[in-house]
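Student: Please walk me through this one. Keep it brisk.

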Amino acid sequence: MLKIGVPSKGRLMEKTFEWFGARGVAMRQTGAEREYSGAVEGIDGVELVMLSAGEIPRELAAGRIHLGVTGSDLVRDKLADWDVQVAELSPLGFGHADLIIAVPSCWIDVDTVDDLDAAAAAFRAVHGFRLRIATKYHRLVREFLTAQGVADYQLVDSQGATEGTVKNLTAEAIADITSSGETLRANHLKILSDSVILQSQAVLFASRGADWTQARGVLERLATQLGLILPRI
Amino acid sequence: MSQPGNKAAIRAEASLLFAAFQAAGAVAVEADLLLPAETLLDLYGEDIRARAYVTTDPLRGEMMLRPDFTVPVVQAHMADGADPARYCYMGEVFRKQEHLGNRASEYLQVGFEVFDRTAPEAADAEVFALFAGLVSGLGLRAVTGDIGILMAAVRGLETTERRRAALLRHIWRPKRFRALLDRFAGRAAVPAGRVALLERLAGGAPDELIAQAGAFIGLRAPEDIAARAQALIEDAQAAPIKAPEAALLYDLLGLQAPAGAALGHLRGITPMLPAIAPAVDRFAHRLEALRARGVAVDTLAFEASLGRTSMEYYDGFVFSFHADGMPAVATGGRYDALTAVLGAGRSIPAVGGIIRPHLVAALKGAI
């Protein structure tokens, strides 16, 4: 049996079902409308596991599911050495979003990461603490800022409504995913021009740590049906 | 996971080193395993979160599993230490590893620190010679450096105080330092985004531009924003660092030579960079002190940029001992400024270093 984890609700779930459905693998929710169980038709030996998109990276890393659909941003942020733990089978062409850094639009002196670094130095000198950047993408943002040589900042955790943290004075800047930028503009924020940390979309991942002895045959049939060329897993 | 037998062998190796440090006149000290995260974050910035285990205490807030001994030992000394003082310690440190591999996330460190006002270069030589003796026979390569020379060169640059401060702030981030130097020296074109930003800033008074930009939000005050806007305009008008002076700094950044030859080279460029003269004199004194302790300074490797990518507190002499295929077996250096940061108004020149006994044991074939 091959276990595939898919997002358990919302647009990500619908788009995932559409993507597989268009390739002759029908996925559907079973039971009551809000019950998190599903079924797969069109191929034998595949079990659907409905999960929160945020938990799919961890389940893949642990090998409790063989395949999983989730955002590449979540895999890169949650898994150390992500490409050693999972393999990308295919981008799915939806769920596009950029992880970016945004600052208040009224910061007329700040346009780039370089400006942010200089503003952070001055901010710390005036306020006595390091400039706060609210995010839930701790690893990706920290690695980006370290590589860029930015100093005098701190990351503060924000698991939701991150765009509101600046107005609420719990952060000076944010790092978050955005697709249209509308929420940012509505919250008086602007994107730093050179701050695209990651261009993310939904991806079908395979676990490198799962037990593939019983599932490899199913994977090869599934890959043929989906038109995928399998990497070494 | 380390083997129990290995742990015993490593501890035995550590005990030998610890005893040697005590025989060299150091007082054995202990330090807490759980350290307040705030002090470490203030010193090292956000990067320390990627390297140290963070945990929460219900009453004391965020705590870190000891990532090194320097901070607690300096704090203890600044609180009630003798003057001068020599300390040694032995215990576990914890480093989160962000990549799969065989680098240890928990290992013993044995260290030696000297707090002494009288003769800094003699103390540098004492520490280096002690370490060199303890790791002799392991076939290690020693490398030395001196961040003080680089800092003196930056402080002496003929440019604006703001540019000198920006370069000094990024001494420990070589990539950004290089980008800033390229820009200040006119070697890199002003980025298109900065040109556009400057044009916008030229279009009106800062408070008008801020008002036009929409609702004002955030803790960063309008006067902070206006001050930096003004600084950007002034900086755009500042003359580039003169080519000969910039060339000397680039040369210094890349200087790698045996210590004796490096001294000759530095003496040669001092007339053109007079601000480095005191730091070069200290380098010369240190080489004399090393020679007096039997160190072969004519073959001792010197790299002017050594120590710039390690923890952000070394500000003078630095050294490390290397073997192929493993992290540095021993490292150390001078951190005078750190004692001022942690000393609440007081400071004392300080130099020290650590040895990683698990690597020594591995090199000896004991594990």
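Student: What distance separates the centres of domain 1 and domain 2 of chain A?

Tutor: The two centres are 32 Å apart, taken over C-alpha atoms. Keep in mind that this is a predicted model: local features need pLDDT of at least 70, side-chain atom pairs count only at pLDDT 80 or more, and totals for chains, interfaces and linings use all residues. Residues are numbered from 1 along each chain as its sequence is written, while chains are lettered from A and ligands numbered from 1 in the order in which they are written.

Student: Which residues belong to each domain of chain A?

Tutor: Domain 1 covers 2-95 + 202-226, and domain 2 covers 97-199. Those bounds come from an automatic or database domain assignment.

Student: How many residues of those two domains are in contact?

Tutor: Four residues of domain 1 of chain A are in contact with seven of domain 2 of chain A. Contact here is C-beta atoms, placed from the backbone, within 7 Å. On the domain 1 side there are no nonpolar, one polar and three charged residues. For the classes, Ala, Val, Leu, Ile, Met, Phe, Trp, Tyr, Cys and Pro count as nonpolar, Asp, Glu, Lys and Arg as charged, and the others, Gly among them, as polar.

Student: What strand order does the sheet in chain A have?

Tutor: The order is β4-β1-β5-β13-β6, an open sheet of five strands with mixed pairing. Strands (E, at least two residues) and helices (H or I, at least four) are DSSP runs, numbered from the N terminus. Two strands pair if DSSP finds at least two bridges between them. At the edges are β4 (46-51) and β6 (86-91) of chain A, each pairing on one side only. From one strand to the next, the twist averages 30°.

Student: In which sense do β1 and β4 of chain A pair?

Tutor: Parallel, over six bridges, with β1 being residues 2-7. Within that pair, Gly5(A) stands opposite Val49(A) in β4(A). Helix α1 (residues 10-21) of chain A packs on the sheet and touches β1, β5 (67-71) and β13 (202-207). The direction of α1 makes about 135° with that of β1(A). Angles run from 0 to 180 degrees between N-to-C directions, and axes are lines fitted to C-alpha atoms, for helices over the stretch in contact.

Student: Is the bond from Asp83(B) to Pro84(B) cis or trans?

Tutor: That peptide bond is cis, with omega near 5°. Pro84(B) lies in the loop between α4 (70-80) and β5 (85-94) of chain B.

Student: On to the two chains. How many residues of chain B are in contact with chain A?

Tutor: 34 residues of chain B are in contact with 32 residues of chain A. On the chain B side, α11(B) gives the most, with five residues. By class, that side has 16 nonpolar, six polar and 12 charged residues.

Student: Which domains does chain B have?

Tutor: Domain 1 (1-140 + 346-367), domain 2 (141-186 + 240-322) and domain 3 (191-237). The C-alpha centres of domains 1 and 2 of chain B lie 26 Å apart. 14 residues of domain 1 of chain B are in contact with 16 of domain 2 of chain B. Elements giving two or more residues to the domain 1 side are α2 (37-44), α5 (120-134) and β12 (350-355) of chain B. The most come from α5(B), with eight residues. The domain 1 side divides into 11 nonpolar, one polar and two charged.

Student: At what angle do α6(B) and α14(B) pack?

Tutor: About 165°, with axes 8 Å apart; α6 is residues 147-155 of chain B. That angle makes α6(B) roughly antiparallel to α14(B). Under 35 degrees counts as roughly parallel, over 145 as roughly antiparallel, 65 to 115 as roughly perpendicular and the rest as oblique. Gly148(B), Ile149(B) and Ala152(B) of α6(B) are in the contact, with partners including Val280(B) and Phe283(B) of α14(B).

Student: At what angle do α13(B) and α14(B) cross?

Tutor: Helix α13 (residues 259-269) and helix α14 (residues 277-292) of chain B cross at roughly 155°, their axes coming within 10 Å. That makes α13(B) roughly antiparallel to α14(B). Among the contact residues are Leu263(B) and Leu266(B) of α13(B) and Phe283(B) and Leu287(B) of α14(B). The contact divides into seven nonpolar, one polar and one charged.
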